[in-house]
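Here are my notes on the model you asked about, point by point. Have the structure open next to you as you read.

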Amino acid sequence: MASKTFRGGVHLNYHKELTNQKPLINVDASDVVIIPLKMHIGQEASPIVKKGDRVLVGQKIGDTSAFVGVPVHSSVSGEVQKIDTTLLPNGLRGLAVFIKNDGQYELDPSIKPKASLEELSSREIVDIVREAGIVGLGGATFPTHVKLCVPEGKDVDYLLVNGAECEPYLTCDHRIMLERTDELFYGIEAAARACGAEHIKICIEDNKKDCIELLAKRCGPNCEVVALETKYPQGGEKQLIKAVLNREVPSGTLPYEVGVVVINVGTAVAIAEAIQKGMPLVKRAVSVTGDIVNNPGNFIVPIGTTMDKLLDIVGGTKEPIGRIIYGGPMMGTSIHETDEPVVKGTSGILVLGRNESPLIGEPDPCIRCARCVDHCPMHLMPNMLERLVSKEELDKAKKMGLNDCIECGCCSYVCPSKRHLVQWIRVGKMELIARKKREDQKIASKAIETA
Ligand code: SF4
Ligand code: SF4
């Protein structure tokens with residue numbers, strides 16, 4: 001049967017062979033871990049520890065009362081050195097807890113297995129997931145309890161488990177599916193119970209035939225493995241839902257509007273760990289890769305471990321580093337210092353040489369070829385959006401779907417003039433957020449004045 005897919009997108013050179021046969025290896029944290037208090041979409045957590053406190057593995061060190069937000073936990077035992085700002089993967093600065101790792105990895109006494117899945121209600125599963133600080137580990141970092149907590153009046157019939165891993169170079173999800181199969185199925189069952197989905201589809205690109213075969217053998221009566229065409233961005237939530245179920249998620253809404261919840265394979269394993277061991281999200285799988293890396297591989301990395309530690313683990317590079325990217329080459333972000341930490345959304349560290357630079361180049365004038373339009377998986381007009389944002393016509397850009405852009409980078413990738421389309425679109429989206437904040441602040445100060 002033909003593999004399923006969506007309209008648009010691009011076929012890339014995947015470079016997966018660098019690491020797809022490399023098993024996951026547990027590694028130690030760096031001597032000092034840097035754990036940001038905002039590693040997720042939503043409200044930043046506030047610190048609940050202070051300088052000089054001794055903390056243990058799995059201990060909560062930050063929390064928030066906001067529904068769209070999650071607590072943050074220590075990945076090591078040791079002493080809190082300071083609470084200070086650090087550079088976050090999105091290029092902004094945010095508060096982080098700096099912990100001197102004592103190398104003992106002493107567990108917090110709160111880390112105990114929860115009740116069995118059969119004994120837990122859907123509400124209890126959602127609460128465990130929230131308390132464990134679990135967010136989407138495919139890179140989106142949307143709090144998972146919010147996804148699983150389906151609002152009253154909405155019915156979810158399908159849980160899609162995202163094992164597409166469509167970004168070039170990254171293979172940690174591939175290894176999770178092969179090596180953590182028991183936990184994967186446990187987490188899938190827990191997520192299906194929590195959101196009330198009766199049908200499960202595990203969605204895998206057809207360049208991972210070993211995963212497709214292995215997981216298909218393990219599926220029960222309500223579960224099926226779906227082979228997807230290897231095409232970027234097949235793992236995008238909306239593209240996945242369209243390809244597998246032929247349903248379209250309306251602009252500005254979440255997948256439960258069309259009866260679907262989507263979770264990543266790594267997220268399912270994190271849910272299993274939270275229930276079976278009581279362990280919050282303090283580690284994640286990371287591919288450390290790139291053609292110039294001496295020993296690229298897949299690693300289970302304590303959150304907060306700094307990049308220089310990981311570069312040591314892979315034995316450094318064969319030639320001077322040109323760029324380091326958090327994530328894959330299409331949606332990842334460049335970092336500038338090697339003392340930046342692995343966060344919950346870090347699925348990969350891609351190290352490139354000085355001659356490799358996937359999307360950057362001097363732009364030529366637009367030749368109106370419409371390739372960017374043809375390849376946009378969200379059916380937008382990236383050339384028009386670029387023009388409107390650069391002329392500061394944000395309202396018009398918004399009307400043309402600026403906020404629907406998933407920042408996949410396909411438009412920039414196919415543009416023969418190397419125009420910085422996705423970069424301009426990102427600028428426009430950030431400016432819309434900043435404008436909304438300014439307006440909200442104005443309303444709040446007016447309310448205070450009149451009170
Ligand atoms: S406009 Fe956005 S969604 Fe469309 S191709 Fe460009 S980056 Fe992707
Ligand atoms: S692909 Fe590039 S050159 Fe072609 S229409 Fe889009 S922006 Fe213009």
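1. A contact here means heavy atoms within 4.5 Å. With that in mind, take the contacts in the chain with a separation of 6 or more: residues 24 or more positions apart account for 72% of them.

2. Some housekeeping before going on. This is a predicted model, where local features need pLDDT of at least 70 and side-chain atom pairs count only at pLDDT 80 or more, while totals for chains, interfaces and linings use all residues. Residues are numbered from 1 along each chain as its sequence is written, chains are lettered from A and ligands numbered from 1 in the order in which they are written, and side-chain values use heavy atoms, with hydrogens and water left out.

3. Overall build. The chain has 13 helices and 17 strands, both being DSSP runs numbered from the N terminus (helices H or I, at least four residues; strands E, at least two). Its radius of gyration is 22 Å, close to the 22 Å that the globule rule gives for 451 residues, so the chain is as compact as a globular protein of that length. That radius is taken over C-alpha atoms, and the rule is 2.2 Å times the number of residues to the power 0.38. Along the principal axes, the C-alpha atoms fill a box of roughly 65 × 60 × 55 Å.

4. Of the 451 residues, 53% count as buried; the cut-offs are under 20% relative accessible area for buried, over 50% for exposed, and partly exposed in between (1.4 Å probe, protein chains only). The chain exposes about 20,200 Å², and carbon and sulfur atoms supply 52% of that area. Areas come from the Shrake-Rupley method with a 1.4 Å probe, and for residues only the protein chains shown count as cover.

5. Ligand 1. Its shell holds 13 residues, the closest being Cys376, Cys405, Cys408, Gly409 and Cys411; a residue qualifies if one of its heavy atoms lies within 4 Å. Helices α12 (410-414) and α13 (421-450) are the elements that give two or more residues to this shell. By class it divides into 11 nonpolar, one polar and one charged. For that count, Ala, Val, Leu, Ile, Met, Phe, Trp, Tyr, Cys and Pro are nonpolar, Asp, Glu, Lys and Arg are charged, and the others, Gly among them, are polar.

6. Ligand 2. Among the residues around it are Cys366, Cys369, Cys372 and Cys415, along with Arg368 and Asn383. This shell has eight nonpolar, two polar and one charged residues. Asn383 also turns up among the buried residues of α10 (residues 382-390), together with Pro382, Leu385, Glu386, Leu388 and Val389. Those buried residues pack against α9 (371-375), α11 (394-399), α12 and α13. Just after α10, have a look at Glu392, which takes a positive phi of about 60°.

7. Strand β9. Six of the six residues of β9 (residues 158-163) are buried, so the strand is largely enclosed by the rest of the structure. Tyr158, Leu160 and Asn162 lie on one side, with Leu159, Val161 and Gly163 on the other. In a regular strand, side chains alternate between the two faces of the sheet. β9 runs parallel to β10 (residues 199-205), joined by six bridges, and parallel to β12 (residues 260-264), joined by five. Strands count as paired if DSSP finds at least two bridges between them. Val161 has Ile202 in β10 as its bridge partner, and Asn162 stands opposite Asn264 in β12.

8. Which residues stand opposite Ile325 in β16 and β17? In β17 the bridge partner is Leu350, and in β16 Ile325 faces Ser334. Both pairings are antiparallel: five bridges link β15 (residues 321-326) to β17 (residues 348-353), and three link β15 to β16 (residues 333-335). β15 and β16 form a hairpin with six residues between them, and Gly327 in the turn has a positive phi of about 95°.

9. Two single residues. Thr267 sits in helix α7 (residues 265-276) and counts as buried at 1% relative accessibility. Leaving out residues up to four places away in sequence, Thr267 touches Ile134, Val135, Gly136, Leu137 and Thr144. Leu107, in the loop between β8 (93-101) and α1 (122-131), is partly exposed at 44%.
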